[in-house]
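Hi,

Here is the structure I promised to pass on. Have a look at it first, and then read my notes below.

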Amino acid sequence: MKRWLDSPASETQITQRQRLWLYVIATLIMLFLVAPTLIVIPMSFSESIYLEFPPRQWSTRWYENYFNSTEWVSATVTSLTAAFLTMLVATPLGVAAAYGLHTSQMRAGKLVFILLITPMMVPLILIAIGAFYAYVKLKVLYTMLGLVLAHTVLALPLVLIVTASALKSYDMNQEMAARSLGAPRWRAFLTITLPQIRFAVITAALLSFLSSFDEVVVAMFISGGDNSTLTRNMFNALRDQIDPTIASISTIMIVITSLLMTLAQLFGRART
Amino acid sequence: MTAVDLHAEGLRRDAFRERLALFGLCSPALTLIMVILVIPVGWLFYVSFIGADGQFSLENYDRMLTSKSYARIFRTTFEVSLLTTAICILIGYPLAYFLSQMPSRIANLCLITVLLPFWTSLLVRTYAWLVLLQKKGLVNSWAIDLGLWDEPIKIVHNMTGTLIGMVHIMLPFLVLPLYGSMKAIDRDYLRAASNLGASPVRNFWTVFFPLSAPGLFAGSLIVFVLCLGFYVTPAVLGGGKVILVSMKIASNIELFVNWGAASALGVVLLVLTMLILWGAARFLKLEQLTGGGHQ
Amino acid sequence: MGRGALTSQVTEALPITIRGVTKTYGRVHALDAVDLDIRSGEFMTLLGPSGSGKSTLLMVLAGFTRPDRGSLMFGDREVIRTPPHLRNVGMVFQNYALFPHMTVAGNVGYPLRLRGVPKAEIAERCERTLETVQLGGYGERQIDQLSGGQKQRVALARAIVFEPRILLMDEPLSALDKKLRDRMQIELRHLHEKLGMTTVYVTHDQREALTMSDRIAVINHGRLMQLDTPARIYDRPANRFVADFIGESAFLPVTRLGEAVLHAGLPLTLAEPPPEADRLVLMIRPERVKVASGLAEGNTNRFAATVSDIVYQGDSFLMYATLADGTEVNVRGVVRSTTIAELPTVGSAVMLALEPEDTVLIADTDSGAGTAG
């Protein structure tokens, strides 16, 4: 231990001992980051309404509450459906746009790229009220269609950026080779290019799923009635009072999210 | 050479058609964004110039300049954004530095502590803090047990709670780009400085820190811009006492159905955001031109 | 001899006719009204420095670069507007562009699958083609398990398996090390003789061009400098650019006086009439000029020079000589039974002798197409 403390920690030959304060601070910060996220999980199993930690009595009543409530379950179904549909729409649209931009090399390409990532740059609340008004006029307020379209718009920049980056490091010569061998462009893309960027595309799909599932602000305005999302209901519940059922929902959401992101990471690693 | 000239026309048409087809691949995405985002926001822009009487007027913007409550809202928004960004820099930089100094296996493991909250739903994290910071919450009970203070203090439904929540949400947005930028710093620079006689401390401040500045700048900018327009966390953790621009926009619609006021606020927020982003883009490009890039 | 036989099929190879092909990028002429005839079954090399337009021309042949105008015929079929996947030409890329997510057989079979060839036949033809490129039995290997030379052969196999009548190659050997490259040059040449398809080969390596080609098209600034056999390109370059680009040479200024051509006031004995250009220059190849011994004989052209340096290289020597007017001439010669001591010393005066057949006058320009044959 003493030897380690005296060993150099970096190119500047500063010793580990002299840097202990850094390790302590970093650990504290990491705890700060992770603890709140994880603490929800055991709290959701507490018996009392006050969500204590550690729970004095363990119980699954809040989970029962959740699964027995038609409201919560239907909201969950809505969110999952919307997320799934968003993934199905945003991924092909975004991949097509990334491919089109990458291969067409028009001077307007830069402008188009910026236009396509505006959903990331415009404040979310603005998009929300804009969509709200448009949907009232178009009579698609509180519909699944409206929700999916709005979430797709929010997810497109993600898909675009992930796919564009994968295309940049991909050797387009292979597509040229395929075409010289007799494949029309679309076939060359499907048989040669797509299989090689598939990890990026899968990541993009997962990201669009998650971004829709977690989305709060826009959903608050344009989802409602039968098609109210889980996040919307949760948000409203939070503003009124702290219903412990939310703890159980949160835990479920954490599990789903972590699962999906681990999958995405695995795919990302597998590629390299 | 008439046959050749004919081809010129045909070739030109072929080239145009091909470009159009490829560009057309962007059109579904573009159309969607136009319909759902650009046109509605454009309409909001227009509405912001319509007064209560339905005529063109600047009263919405006027109200923002004269009304005290609006002034307070802008001030609060800037305060929260600046404070959050500052705190994130203060605790985010050491963390990123720590990560960049660790061997990759440990760094990747520790990175999970940054990525896990990053992936976890915003709402879940906000809720977690709501519970933790209550009077009967964990933070208060542990603090009392540890003797930090005697009675439960109000650390939620106020500015404090809002800041804590915002920092927690925003920290990954700073740490991740900063970490990336730090990892890219060529270690040979540090070795050279050591060789030339710089002490570790001096080495850090004169070599490492300047080289990490672009990443720090980029991260801080992302955080600041996100804070300006943020809604969920301040709405929940502020308890109605901390009102940001985004919340005023929402209440203008939900409670007062005042589209004029809401859209004017929205336009200001948008213009501010765009100005900052545009300014940063210019600055960053300048940075790269002046050799700030070391990759 | 069935459909699948990969034997010499000279009669089936297609000639290529290129007329007036122009491609500009902004102000730059990548290709400037290029006219070129490539004979059926010929091995034609497009030779030039980087940026000369040779790769652009190849891409036009393949269909990946659309020229601003021009005509392109494969045989008697106009193909300038045909998309690349319908041109039915084989193409080997500089970095091979093999598909990493398929095996060797997967790669080689790809064009056959596209053409709807039945599975059993695909397997058979793939194996036969692999044998032709000396990779028999390699079908199941993964691409990342192959060496550079093997990848090159797979790329070649993939390009010829569907029996195209035209084969295009874009500097395919540039990524290989010297020894492998030299060997592959000979192999490619043999393969060409065996299969007989019209081959267009792009390179910047003049040695490679001289080794492999039936004819060479020297290209610079998007224009054809000279189209000729390797021997004539070497011995009778059309202009200064070609002479400079191929091999080494010294250039001596000359003037015309009526019918005669003079250097340093003295008329030269020529074997052929001088070319029609306004300004001429005398090209001297190092291996053609000799150190004269004894008196002037016959019609040898002679030049007085001083030795500025001499390098003994075992079997040969390289002598750096300076003429009276300051022009430097390199002389490369074979060392026979003489020792170093018998070679001219630095600073001594020598007489350089040049036979009339080796006294080559060329146009003193960097442009202008000179074509022959």
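In chain C, 4 strands make an open sheet, ordered E2-E1-E4-E5, with antiparallel pairing. (Strands are DSSP runs of E, at least two residues, and helices are runs of H or I, at least four residues, all numbered from the N terminus; two strands pair if DSSP finds at least two bridges between them.) The edges are strand E2 (28–38) and strand E5 (77–78) of chain C, each of which pairs on one side only. Strand E1 (residues 16–25) and strand E4 (residues 69–74) of chain C are joined in the antiparallel sense over 5 bridges; one place to look is Thr22(C), whose bridge partner in E4(C) is Arg69(C). As background, strands of a sheet pair through backbone hydrogen bonds, either parallel or antiparallel.

Helix H1 (residues 54–62) of chain C lies across E1, E2 and E4 of chain C, at about 60° to E2(C). That angle is between N-to-C directions, on a scale from 0 to 180 degrees, with axes fitted as lines to C-alpha atoms, for helices over the stretch in contact. Contact here means that the C-beta atoms of two residues, placed from the backbone, lie within 7 Å.

Before going on, some housekeeping: this is a predicted model, where local features need pLDDT of at least 70 and side-chain atom pairs count only at pLDDT 80 or more, while totals for chains, interfaces and linings use all residues. Residues are numbered from 1 along each chain as its sequence is written, and chains are lettered from A and ligands numbered from 1 in the order in which they are written.

Further along chain C there is a hairpin. Strand E9 (residues 215–220) of chain C and E10(C) pair in the antiparallel sense over 5 bridges, and Ala217(C) has Leu227(C) as its bridge partner in E10(C). The hairpin has 2 residues between the strands, and His221(C) takes a positive phi near 50° there. Strand E10 (residues 223–228) of chain C is mostly covered, with 5 of its 6 residues buried. (Buried means 20 or more other C-beta atoms within 10 Å of the residue's own, exposed means 12 or fewer, and partly exposed is in between, with C-beta atoms placed from the backbone.) Overall, chain C has 8 helices and 22 strands, and 40% of its 373 residues count as buried.

Now for chain B. How many of its residues are in contact with chain A? The count is 63 residues of chain B, against 70 residues of chain A. Helix H2 (residues 27–47) of chain B gives the largest share of chain B's side, 11 residues. With chain C, 10 residues of chain B are in contact with 10 residues of chain C.

Chain B averages a pLDDT (the predictor's confidence in each residue, from 0 to 100) of 86, and 95% of the residues score at least 70. Over residues 291–295 of chain B, though, the pLDDT is below 50, and this stretch has 8 contacts in the model beyond near neighbours in sequence. Where pLDDT is low, the predicted coordinates should not be read in detail.

Why does Val148(A) count as buried? Because it has 21 C-beta neighbours inside 10 Å. Not counting residues up to four places away in sequence, Val148(A) touches Ala82(A), Leu85(A), Thr86(A) and Val89(A).

Cheers
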